[in-house]
Amino acid sequence: MRIVLFGAPGSGKGTQAEFISRDQGIPHISTGDMLREAARNGTEVGLKARSFMDRGALVPDQVMIEVVAQRLEKDDANKGFLLDGFPRTVEQAEKLDDILKLRGTGIDAVLWLEVDDRELVKRLTSRRICSGCGAIYNLLFQAPITPGRCDKCGSSLDQRVDDQQATAQKRLEVYQQQTSPLKDYYLSRGILKKIDGAKSPDEVYSSLKETLRSGRK
Ligand code: AP5
């Protein structure tokens, strides 16, 4: 399956993507993770992207389209993929459609995790990420057993620069202005599926699985 996981910052895309990718056996392609890795490695794209990410702005469309087009060329994406964080503008969505059309395919489902803004800000500002394995935690909702340490690998937990209150708020504004219009884009194509993302991670995942199952019938 070729799936887009869609939703505001903090709606649970990364959390749910891990479950879906494991169960469906398709690669989880997170543009945010790819950009952060590129920035850590000091590549030209990574350093350019960081200046946008750290202030909560979107990285320019041309850069993102190139990054994703290259990633979709890899063999593991032939059997399907799960996009997390892309597309984020109508221009990105149109280019993605063009790329897939050239291969005779298209997006099967766009799964939209809906969560209200107050909850999103709480989730973002209390998120912590493992510096070793990248596991996602939350000081309010999914705290590690030992404070400050990853349950899986024992490494220290970090806060993302863009999860500080002011930048988190800015990202939500950017989402409303630039990404939200994509709902109409995918609604008009009949592939947008809305899921209540405010429930527990397990409940959200059950809804996602059910939606994917019913879409196949
Ligand atoms: P990116 O990394 O994609 O960030 P995002 O979309 O803002 O999403 P997040 O990673 O913040 O949240 P999420 O929905 O994955 O939630 P998570 O599961 O982690 O992008 C970062 C930046 O990169 C962008 O701002 C932009 O600059 C740039 N960028 C990336 N792609 C781009 C593109 N296509 N175009 C242009 N620029 C681009 O969960 C959040 C927290 O909530 C966690 O602590 C988690 O434990 C907790 N949580 C999750 N689910 C639940 C639940 N059900 N109940 C309670 N807590 C929960």
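## Helix packing and the ligand shell

In this predicted model, the axes of helix 2 (residues 31–40) and helix 4 (residues 61–72) cross at roughly 100° and come within 11 Å of each other. Angles of 65 to 115 degrees count as roughly perpendicular, so that's the label for helix 2 and helix 4. As for who touches whom, helix 2 brings T31, M34 and L35, and these meet M64, V67, V68 and R71 of helix 4. Sort the residues of that contact by class and you get five nonpolar, one polar and one charged.

Now for the ligand. It has 36 residues around it, and the closest are T15, A57, R88, R127 and Q142. By class, the shell splits into 14 nonpolar, 13 polar and nine charged residues. Here are some polar contacts between protein and ligand:

| Residue | Protein atom | Ligand atom | Distance |
|---|---|---|---|
| S11 | backbone N or O | oxygen | 3.3 Å |
| T15 | polar side-chain atom | oxygen | 2.6 Å |
| V59 | backbone N or O | nitrogen | 3.0 Å |

On its own, the ligand has 1,100 Å² of accessible area, and the protein covers 97% of it. Which elements give two or more residues to the shell around the ligand? They are helix 1 (13–24), helix 2, helix 6 (117–125) and strand 6 (136–138). Helix 2 supplies the largest share, with four residues.

One more thing to look at is the backbone at P87. Most peptide bonds are trans, but the one joining F86 and P87 is cis, with omega at about -5°. To find P87, go to the loop between strand 3 (81–84) and helix 5 (90–102).

Key. Residues are numbered from 1 along each chain as its sequence is written. This is a predicted model: local features need pLDDT of at least 70, side-chain atom pairs count only at pLDDT 80 or more; totals for chains, interfaces and linings use all residues. Side-chain values use heavy atoms; hydrogens and water are left out. Axes are lines fitted to C-alpha atoms, for helices over the stretch in contact, and angles run from 0 to 180 degrees between N-to-C directions. Angles under 35 degrees count as roughly parallel, over 145 as roughly antiparallel, 65 to 115 as roughly perpendicular and the rest as oblique. Contact means heavy atoms within 4.5 Å. Ala, Val, Leu, Ile, Met, Phe, Trp, Tyr, Cys and Pro count as nonpolar, Asp, Glu, Lys and Arg as charged, and the others, Gly among them, as polar. A residue is near a molecule or strand if one of its heavy atoms lies within 4 Å of it. A polar contact is a pair of N or O atoms within 3.5 Å; within protein, one must be able to donate a hydrogen and the other to accept it, and residues adjacent in sequence count only if both atoms are side-chain atoms. Accessible areas come from the Shrake-Rupley method with a 1.4 Å probe; for residues, only the protein chains shown count as cover.
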